[in-house]
Amino acid sequence: MDFTGQAAIVTGGGRGIGRAIAEKLAQKGVHVAIADINPDEAIEAAASLTSLGVKAMGIKLDVSKAEEVKKVFEDVRKEFNKIDILVNNAGITKDTLLLRMKEEDWDSVMDINLKSVFLCSREAIKEMSQRRYGRIVNISSVAAFMGNPGQANYSASKAGIVGLTKTIAREYASRGITVNAVAPGFIQTAMTDILPEKVKEEVKKQIPLGGLGTVEDVANAVVFLASPDSGYITGQVIHVNGGMYM
C-alpha cells in the first residue's frame, strides 16, 4: 500500500483505537493530524509519531462544534497542504437503560458520535472533491447491528453512521472519494479493561474466535480502507468482531 505524500486527520486519536490507527498510518508514511478533545493526549500522541519520519500535529477539537471543526481543518490544510484521509473515530458512551436515560445523555452521544461524522466529512469533502481523490473511514460498532442493552443512544448513533456512510459514498463516488465504515466488536481497550472478569468471560463465549480483539486489529482494517488499494470499495462496512456478528 503506497501512501507516499498523503495526509490524514484522525479524530479521537489521542488514545485507544484512534491512536492505533494514527500509528499505523504514520508507519505507512502518512502525515497525521490527531484531533482530540484532550489536547495533552493529542499532542503527546503526535509527538510519538515524528520518530517515524512523518509530520504530525496534535490539536484540540470538540467534534460536535461546527466552527471548531472548520478551523481545525483549515489549520491542518495549512500544515499539510491537503487532506487525503479522514478517519471519524471520536466517540463516547453514556450507558443506562432507556427509561433512565436523560435527554442530555442521548443528545451528547448523538452529537459526538454521529453529528461529528457529518461535520468532519463535510469539511474534508470540500477539498477532496476538488482534487477528485479522498478516503473517509468511519468507526461504527457491532452494537449498530446487534443492539446492546443499556446503549440505546450509542447503538442508534453507530447505526446512523452506517446510513450516513452509504449516502456520502453514493453522493461522492463520481469525485473519486470512497467512504466506508469499520464496525469493531469487543476490543481490548481502557473501556473494556474495567469490565468485571466474569462479564468478559461471558462476552468471549459469544465470540467464535474466542477472545477480545486488539486495537491493531481495527487499525489494520482502517488502514486498508484508507489506502489507494481499496479504490473499488465504497459504501461498505467491514466487521472486526471475531465472528460475534455474521
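**Briefing: helix, sheet and selected residues**

Asn-153 sits in helix α6 (residues 152-172). Asn-153 is buried, with a relative accessible area of 0%; buried means under 20%, exposed over 50%, and partly exposed in between, with a 1.4 Å probe and protein chains only. The model is predicted: local features need pLDDT of at least 70, side-chain atom pairs count only at pLDDT 80 or more, and totals for chains, interfaces and linings use all residues. Residues are numbered from 1 along each chain as its sequence is written, and side-chain values use heavy atoms, with hydrogens and water left out. Helices (H or I, at least four residues) and strands (E, at least two) are DSSP runs, numbered from the N terminus.

**Surroundings of Asn-153**

- Not counting residues up to four places away in sequence, Asn-153 touches Lys-94, Met-101, Asp-105, Trp-106, Val-109 and Met-110. Contact means heavy atoms within 4.5 Å.

**The sheet**

- Seven strands make an open sheet, ordered β3-β2-β1-β4-β5-β6-β7, and the pairing is parallel. Two strands pair if DSSP finds at least two bridges between them.
- β3 (56-60) and β7 are at the edges. Each has a single partner strand, so one side of each is left without a neighbour in the sheet.
- From one strand to the next, the twist averages 15°. Axes are lines fitted to C-alpha atoms, for helices over the stretch in contact; angles run from 0 to 180 degrees between N-to-C directions.
- Strand β6 (residues 177-184) pairs with β7 in the parallel sense over four bridges. Val-182 stands opposite Ile-238 in β7.
- Helix α1 packs on the sheet and touches β1 (7-11), β2 (31-36), β4 (85-88), β5 (134-139) and β6. The direction of α1 makes about 170° with that of β1.
- Helix α4 also packs on the sheet, touching β1, β4, β5 and β6. The direction of α4 makes about 175° with that of β4.

**Helix α4**

- Helix α4 (residues 103-131) has 29 residues. From first C-alpha to last, α4 reaches 41 Å, close to the 42 Å expected at 1.5 Å a residue. The expected span is 1.5 Å times one less than the number of residues.
- At Lys-115, α4 bends by about 40°. The bend is the angle between axes fitted to the seven residues ending there and the seven starting there.
- Ser-116 belongs to α4 and is buried, at 4% relative accessible area.
- Leaving aside neighbours within four places in sequence, Ser-116 is in contact with Val-63, Asn-88 and Asp-111.

**Glu-23 on helix α1**

- Glu-23 is found in α1 (residues 16-27). At 27% relative accessibility, Glu-23 counts as partly exposed.
- Beyond its neighbours within four places in sequence, Glu-23 contacts Leu-49 and Leu-52.
- Glu-23 and Leu-52 are 29 residues apart along the chain, with 9.0 Å between their C-alpha atoms.

**Aromatic pairing**

- The count comes to one aromatic pair. Rings of Phe, Tyr and Trp (its six-membered ring) pair if their centres lie within 6.5 Å; planes under 30 degrees apart count as stacked, over 60 as edge-to-face and the rest as tilted.
- Phe-145 and Tyr-245 form the pair, which is tilted: 5.4 Å centre to centre, with 35° between the planes.
- The pair links distant parts of the chain, 100 residues apart. Phe-145 is in helix α5 (residues 143-146), and Tyr-245 is in the segment after β7 (237-240).
- Phe-145 is partly exposed at 30% relative accessible area, and Tyr-245 is partly exposed at 28%.
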